[in-house]
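Hi there,

I'm passing along the structure we talked about, with a few notes on what turned up in it. Have a look whenever you get a moment.

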Amino acid sequence: MDKRKSIPGPENQTIPQRSCYVHRGRLPKRAHCSAIRIALNLSAPKSHSLCRTFRPDQTLTRIPTNMVSDQRVFHYSLLSLYVIAPMTFIALRFLQAPYGKHYRPGWGPTIYPPLAWFLMESPTIWLTLLLISFGLNFSNPKSLVLMSPFLFHYFHRTCIYPLRLHRNSARRNTAHGYPISMLVLAFVFNILNAYLQARWVSHYKDYENDGWFWWRFFGGLVVFLGGMAVNIWSDRVLVGLKKEGGGGYKVPRGGWFELVSCPNYLGEIVEWLGWAVMTWSWVGLGFFLFTCANLVPRALANHRWYLEKFGEDYPKGRKAVIPFLY
(Lines give C-alpha, C1' and ligand atoms only; values in the text may rest on other atoms or scores of the structure.)
Protein backbone atom coordinates (compact mmCIF):
# COMPACT_ATOMS: atom_id res chain seq x y z
CA MET A 1 0.00 0.00 0.00
CA ASP A 2 1.28 3.42 -0.92
CA LYS A 3 1.70 5.29 2.37
CA ARG A 4 2.39 8.66 0.78
CA LYS A 5 0.01 11.40 1.80
CA SER A 6 -2.50 12.29 -0.92
CA ILE A 7 -5.15 14.86 -1.63
CA PRO A 8 -8.45 14.62 -3.50
CA GLY A 9 -8.26 15.59 -7.14
CA PRO A 10 -10.65 16.01 -10.06
CA GLU A 11 -12.93 13.06 -10.83
CA ASN A 12 -12.03 11.40 -7.50
CA GLN A 13 -8.41 10.87 -8.56
CA THR A 14 -5.69 10.50 -5.95
CA ILE A 15 -2.90 13.02 -6.41
CA PRO A 16 0.48 12.32 -4.74
CA GLN A 17 1.57 15.21 -2.55
CA ARG A 18 4.98 15.35 -4.24
CA SER A 19 3.39 16.56 -7.50
CA CYS A 20 2.83 20.25 -8.25
CA TYR A 21 -0.71 21.43 -9.06
CA VAL A 22 -2.16 24.89 -9.50
CA HIS A 23 -5.77 25.81 -8.81
CA ARG A 24 -7.51 27.45 -11.78
CA GLY A 25 -9.84 29.49 -9.62
CA ARG A 26 -9.31 32.10 -6.94
CA LEU A 27 -6.65 31.28 -4.33
CA PRO A 28 -5.74 32.97 -1.08
CA LYS A 29 -2.98 35.54 -1.52
CA ARG A 30 -0.23 33.39 0.03
CA ALA A 31 -1.19 30.35 -2.03
CA HIS A 32 -1.36 32.45 -5.19
CA CYS A 33 2.23 33.62 -4.65
CA SER A 34 3.35 30.03 -4.10
CA ALA A 35 1.55 28.93 -7.26
CA ILE A 36 3.44 31.49 -9.31
CA ARG A 37 6.75 30.33 -7.93
CA ILE A 38 6.06 26.68 -8.58
CA ALA A 39 5.02 27.60 -12.13
CA LEU A 40 8.44 29.24 -12.47
CA ASN A 41 10.04 26.08 -11.04
CA LEU A 42 11.11 27.98 -7.90
CA SER A 43 10.36 25.38 -5.26
CA ALA A 44 8.57 26.54 -2.14
CA PRO A 45 9.55 25.33 1.34
CA LYS A 46 7.37 22.60 2.84
CA SER A 47 5.69 25.11 5.12
CA HIS A 48 4.26 26.83 2.04
CA SER A 49 3.04 23.66 0.27
CA LEU A 50 0.14 24.36 -2.06
CA CYS A 51 -1.38 20.98 -1.31
CA ARG A 52 -2.57 22.25 2.04
CA THR A 53 -4.78 24.91 0.42
CA PHE A 54 -6.81 22.65 -1.89
CA ARG A 55 -10.39 21.51 -1.30
CA PRO A 56 -12.11 18.48 -2.81
CA ASP A 57 -14.31 20.60 -5.07
CA GLN A 58 -11.42 22.51 -6.64
CA THR A 59 -10.20 22.00 -10.21
CA LEU A 60 -6.49 21.31 -10.47
CA THR A 61 -4.06 21.68 -13.34
CA ARG A 62 -0.80 19.74 -13.25
CA ILE A 63 2.54 21.48 -13.83
CA PRO A 64 5.56 19.40 -15.01
CA THR A 65 8.11 18.70 -12.28
CA ASN A 66 10.91 17.14 -14.32
CA MET A 67 13.20 20.18 -13.97
CA VAL A 68 15.85 20.44 -11.26
CA SER A 69 14.38 22.12 -8.21
CA ASP A 70 15.68 25.44 -6.97
CA GLN A 71 16.25 23.91 -3.56
CA ARG A 72 18.72 21.42 -4.99
CA VAL A 73 20.51 24.16 -6.93
CA PHE A 74 20.69 26.21 -3.75
CA HIS A 75 22.18 23.36 -1.71
CA TYR A 76 24.84 22.53 -4.29
CA SER A 77 25.70 26.21 -4.70
CA LEU A 78 26.16 26.56 -0.95
CA LEU A 79 28.37 23.48 -0.90
CA SER A 80 30.50 24.90 -3.70
CA LEU A 81 31.05 28.10 -1.69
CA TYR A 82 32.51 26.07 1.17
CA VAL A 83 34.66 24.06 -1.26
CA ILE A 84 36.20 27.00 -3.12
CA ALA A 85 37.03 28.97 0.06
CA PRO A 86 39.92 26.73 1.23
CA MET A 87 41.02 26.21 -2.37
CA THR A 88 41.24 30.00 -2.80
CA PHE A 89 43.22 30.40 0.42
CA ILE A 90 45.76 27.76 -0.60
CA ALA A 91 46.13 29.11 -4.15
CA LEU A 92 46.65 32.70 -3.00
CA ARG A 93 49.39 31.64 -0.61
CA PHE A 94 51.50 30.85 -3.67
CA LEU A 95 50.07 32.99 -6.49
CA GLN A 96 48.56 36.47 -6.30
CA ALA A 97 45.88 37.74 -8.67
CA PRO A 98 47.70 39.88 -11.28
CA TYR A 99 46.19 43.33 -10.72
CA GLY A 100 47.11 46.42 -8.75
CA LYS A 101 50.46 46.09 -6.95
CA HIS A 102 50.87 42.55 -8.22
CA TYR A 103 50.21 43.19 -11.89
CA ARG A 104 52.33 41.11 -14.28
CA PRO A 105 51.99 40.29 -17.97
CA GLY A 106 50.93 36.92 -19.32
CA TRP A 107 47.31 36.90 -18.16
CA GLY A 108 45.73 38.01 -21.42
CA PRO A 109 44.19 41.34 -22.47
CA THR A 110 43.28 44.00 -19.92
CA ILE A 111 40.66 46.72 -19.69
CA TYR A 112 40.31 50.04 -17.91
CA PRO A 113 40.21 49.22 -14.14
CA PRO A 114 37.14 51.33 -13.21
CA LEU A 115 35.15 49.62 -15.97
CA ALA A 116 36.38 46.23 -14.78
CA TRP A 117 35.20 46.90 -11.23
CA PHE A 118 31.79 48.01 -12.48
CA LEU A 119 31.30 44.95 -14.68
CA MET A 120 32.48 42.26 -12.30
CA GLU A 121 30.59 43.61 -9.27
CA SER A 122 27.36 44.37 -11.13
CA PRO A 123 25.65 40.96 -10.58
CA THR A 124 25.43 41.77 -6.88
CA ILE A 125 22.99 44.54 -7.80
CA TRP A 126 20.87 43.36 -10.73
CA LEU A 127 20.75 39.67 -9.84
CA THR A 128 19.99 40.40 -6.18
CA LEU A 129 17.10 42.70 -7.08
CA LEU A 130 15.76 40.18 -9.57
CA LEU A 131 15.82 37.28 -7.11
CA ILE A 132 14.24 39.28 -4.31
CA SER A 133 11.17 39.88 -6.45
CA PHE A 134 10.60 36.11 -6.81
CA GLY A 135 11.13 35.23 -3.15
CA LEU A 136 8.35 33.98 -0.88
CA ASN A 137 9.39 36.63 1.64
CA PHE A 138 9.27 39.48 -0.87
CA SER A 139 6.40 41.22 0.95
CA ASN A 140 7.98 40.67 4.38
CA PRO A 141 9.55 43.93 5.65
CA LYS A 142 12.18 41.96 7.56
CA SER A 143 13.45 40.46 4.32
CA LEU A 144 13.83 43.86 2.67
CA VAL A 145 15.50 45.36 5.74
CA LEU A 146 17.95 42.46 6.00
CA MET A 147 18.94 42.69 2.33
CA SER A 148 19.58 46.44 2.50
CA PRO A 149 23.15 46.39 3.97
CA PHE A 150 24.27 43.92 1.29
CA LEU A 151 22.91 46.15 -1.46
CA PHE A 152 24.32 49.26 0.23
CA HIS A 153 27.84 47.81 0.21
CA TYR A 154 27.67 46.66 -3.39
CA PHE A 155 26.12 49.87 -4.66
CA HIS A 156 29.23 51.59 -3.36
CA ARG A 157 31.55 48.91 -4.77
CA THR A 158 29.81 48.78 -8.17
CA CYS A 159 29.06 52.46 -8.79
CA ILE A 160 30.79 54.83 -6.36
CA TYR A 161 34.20 53.17 -6.11
CA PRO A 162 34.75 52.90 -9.90
CA LEU A 163 33.76 56.55 -10.32
CA ARG A 164 36.29 57.53 -7.67
CA LEU A 165 38.98 55.50 -9.44
CA HIS A 166 38.10 57.15 -12.73
CA ARG A 167 38.11 60.66 -11.30
CA ASN A 168 41.45 60.22 -9.57
CA SER A 169 43.26 58.30 -12.30
CA ALA A 170 46.50 59.98 -13.25
CA ARG A 171 46.20 58.48 -16.73
CA ARG A 172 44.05 55.91 -18.51
CA ASN A 173 46.61 53.30 -19.42
CA THR A 174 44.99 49.93 -20.18
CA ALA A 175 48.42 48.37 -20.80
CA HIS A 176 48.56 47.90 -17.02
CA GLY A 177 44.86 47.60 -16.49
CA TYR A 178 42.72 44.84 -15.08
CA PRO A 179 43.06 41.38 -16.73
CA ILE A 180 39.85 40.24 -18.38
CA SER A 181 40.53 36.69 -17.15
CA MET A 182 40.35 37.92 -13.54
CA LEU A 183 37.23 39.92 -14.35
CA VAL A 184 35.47 36.79 -15.62
CA LEU A 185 36.39 34.79 -12.50
CA ALA A 186 35.14 37.55 -10.22
CA PHE A 187 31.95 37.95 -12.28
CA VAL A 188 31.16 34.23 -11.95
CA PHE A 189 31.78 34.26 -8.21
CA ASN A 190 29.55 37.30 -7.73
CA ILE A 191 26.74 35.53 -9.58
CA LEU A 192 27.11 32.55 -7.25
CA ASN A 193 27.29 34.68 -4.12
CA ALA A 194 24.47 37.04 -5.08
CA TYR A 195 22.25 34.05 -5.79
CA LEU A 196 23.00 32.46 -2.41
CA GLN A 197 22.63 35.59 -0.30
CA ALA A 198 19.51 36.92 -2.05
CA ARG A 199 17.79 33.53 -2.27
CA TRP A 200 18.35 32.81 1.40
CA VAL A 201 17.15 36.20 2.62
CA SER A 202 14.17 36.50 0.29
CA HIS A 203 13.01 32.88 0.07
CA TYR A 204 14.40 30.32 2.49
CA LYS A 205 14.91 32.18 5.75
CA ASP A 206 12.20 31.61 8.38
CA TYR A 207 11.32 35.00 9.86
CA GLU A 208 8.16 33.93 11.69
CA ASN A 209 9.96 31.66 14.15
CA ASP A 210 13.07 33.80 14.64
CA GLY A 211 12.50 35.62 17.92
CA TRP A 212 16.06 36.94 17.95
CA PHE A 213 15.91 38.50 14.49
CA TRP A 214 16.09 42.17 15.51
CA TRP A 215 18.78 41.55 18.15
CA ARG A 216 20.99 39.81 15.61
CA PHE A 217 20.21 42.35 12.91
CA PHE A 218 21.11 45.46 14.90
CA GLY A 219 24.12 43.82 16.55
CA GLY A 220 25.46 42.67 13.19
CA LEU A 221 24.59 46.00 11.58
CA VAL A 222 26.84 47.87 14.04
CA VAL A 223 29.73 45.58 13.12
CA PHE A 224 28.91 45.84 9.40
CA LEU A 225 28.77 49.64 9.33
CA GLY A 226 31.95 49.94 11.37
CA GLY A 227 33.81 47.72 8.91
CA MET A 228 32.35 49.55 5.92
CA ALA A 229 33.47 52.91 7.32
CA VAL A 230 37.05 51.61 7.66
CA ASN A 231 36.92 50.09 4.18
CA ILE A 232 35.66 53.24 2.45
CA TRP A 233 38.06 55.54 4.32
CA SER A 234 41.04 53.31 3.49
CA ASP A 235 40.13 53.09 -0.19
CA ARG A 236 39.81 56.87 -0.35
CA VAL A 237 43.28 57.32 1.17
CA LEU A 238 44.88 54.82 -1.22
CA VAL A 239 43.22 56.31 -4.32
CA GLY A 240 44.26 59.80 -3.22
CA LEU A 241 47.88 58.72 -2.67
CA LYS A 242 48.04 57.21 -6.13
CA LYS A 243 46.90 60.48 -7.64
CA GLU A 244 49.43 62.48 -5.62
CA GLY A 245 52.20 60.10 -6.65
CA GLY A 246 51.53 60.61 -10.35
CA GLY A 247 50.19 57.09 -10.76
CA GLY A 248 52.83 55.48 -8.52
CA TYR A 249 52.74 54.30 -4.93
CA LYS A 250 53.55 56.03 -1.65
CA VAL A 251 53.59 54.88 1.97
CA PRO A 252 50.07 55.36 3.40
CA ARG A 253 50.00 56.94 6.84
CA GLY A 254 47.50 57.91 9.52
CA GLY A 255 44.50 56.25 11.09
CA TRP A 256 44.28 52.49 10.70
CA PHE A 257 47.33 52.52 8.42
CA GLU A 258 49.44 53.00 11.53
CA LEU A 259 48.34 49.54 12.69
CA VAL A 260 48.02 47.46 9.51
CA SER A 261 49.15 47.67 5.91
CA CYS A 262 45.69 46.83 4.52
CA PRO A 263 42.91 48.39 6.62
CA ASN A 264 40.71 48.30 3.51
CA TYR A 265 40.80 44.50 3.66
CA LEU A 266 40.36 44.52 7.43
CA GLY A 267 37.26 46.67 7.04
CA GLU A 268 35.74 44.36 4.44
CA ILE A 269 36.39 41.28 6.56
CA VAL A 270 34.66 42.97 9.51
CA GLU A 271 31.74 43.92 7.26
CA TRP A 272 30.99 40.34 6.27
CA LEU A 273 31.43 39.16 9.84
CA GLY A 274 28.57 41.53 10.67
CA TRP A 275 26.60 40.16 7.72
CA ALA A 276 27.06 36.61 9.01
CA VAL A 277 25.63 37.71 12.36
CA MET A 278 22.70 39.49 10.72
CA THR A 279 21.71 36.54 8.52
CA TRP A 280 22.66 33.92 11.14
CA SER A 281 23.00 31.34 8.38
CA TRP A 282 25.42 28.98 6.67
CA VAL A 283 25.17 31.29 3.67
CA GLY A 284 26.41 34.32 5.59
CA LEU A 285 29.12 32.32 7.36
CA GLY A 286 30.31 30.86 4.06
CA PHE A 287 30.70 34.30 2.53
CA PHE A 288 32.63 35.53 5.58
CA LEU A 289 35.01 32.56 5.39
CA PHE A 290 35.52 33.07 1.65
CA THR A 291 36.28 36.76 2.24
CA CYS A 292 38.96 35.78 4.77
CA ALA A 293 40.36 33.16 2.38
CA ASN A 294 40.56 35.75 -0.40
CA LEU A 295 41.76 38.86 1.43
CA VAL A 296 44.07 37.61 4.19
CA PRO A 297 46.67 36.09 1.80
CA ARG A 298 46.52 39.18 -0.43
CA ALA A 299 46.98 41.45 2.58
CA LEU A 300 50.10 39.49 3.53
CA ALA A 301 51.40 39.77 -0.03
CA ASN A 302 50.76 43.54 -0.01
CA HIS A 303 52.55 43.85 3.33
CA ARG A 304 55.63 42.09 1.95
CA TRP A 305 55.46 44.23 -1.19
CA TYR A 306 55.54 47.43 0.92
CA LEU A 307 58.53 46.15 2.91
CA GLU A 308 60.46 45.25 -0.24
CA LYS A 309 59.65 48.48 -2.09
CA PHE A 310 60.16 51.03 0.69
CA GLY A 311 62.66 49.19 2.88
CA GLU A 312 63.68 51.18 5.93
CA ASP A 313 61.13 53.90 5.17
CA TYR A 314 58.24 51.53 5.88
CA PRO A 315 57.06 51.29 9.52
CA LYS A 316 58.28 47.99 10.98
CA GLY A 317 55.58 47.78 13.63
CA ARG A 318 52.68 47.44 11.19
CA LYS A 319 50.96 44.11 10.76
CA ALA A 320 49.41 42.94 7.50
CA VAL A 321 45.67 42.90 8.25
CA ILE A 322 44.87 42.12 11.91
CA PRO A 323 46.14 44.78 14.36
CA PHE A 324 48.90 43.53 16.72
CA LEU A 325 48.47 39.93 15.53
CA TYR A 326 48.92 39.25 11.81
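Below are my notes on the salt bridges and on one surface patch. Please keep in mind that this is a predicted model.

Let's start with the charged pairs. Searching the whole structure gives six salt bridges. One of them pairs Asp 235 with Arg 157, with 3.3 Å between the closest N and O atoms. This pair connects distant parts of the chain, since Asp 235 sits in helix 7 (residues 213–244) and Arg 157 in helix 5 (residues 141–168), 78 residues apart. Both Asp 235 and Arg 157 are buried.

Arg 157 also forms a salt bridge with Glu 268, at 3.6 Å from N to O. Here, too, distant parts of the chain are linked: Glu 268 belongs to helix 8 (residues 263–279) and lies 111 residues from Arg 157 in helix 5. Glu 268 is buried, as is Arg 157.

Another salt bridge joins Glu 258 and Arg 318, with an N to O distance of 3.9 Å. Glu 258 is in the loop between helix 7 and helix 8, while Arg 318 is in the segment after helix 9 (282–310), 60 residues apart. Glu 258 has a relative accessible area of 41%, so it is partly exposed. Arg 318 counts as buried because its relative accessibility is 3%.

Through shared partners, salt bridges bring Arg 157, Asp 235 and Glu 268 into one network.

Now for the surface: Tyr 76, Leu 79, Val 83 and Met 87 make a nonpolar patch of about 440 Å². Of these residues, Leu 79 is found in helix 2 (residues 70–94).

Best wishes

Terms used. Residues numbered from 1 in each chain as written. Predicted model: local features only at pLDDT ≥ 70, side-chain atom pairs only at ≥ 80, totals over all residues. Heavy atoms only, no water. Patch = residues over 30% accessible without salt bridge, like charges linked within 9 Å, V, L, I, M, F, W, Y side chains within 5 Å. Areas by Shrake-Rupley, 256 points an atom, 1.4 Å probe, with all protein chains shown as cover. Salt bridge = Lys/Arg side-chain N within 4 Å of Asp/Glu carboxyl O. Helix = DSSP H or I, 4+ residues; strand = E, 2+ residues; numbered from the N terminus. Buried < 20%, exposed > 50% of the residue type's maximum accessible area, 1.4 Å probe, protein only.
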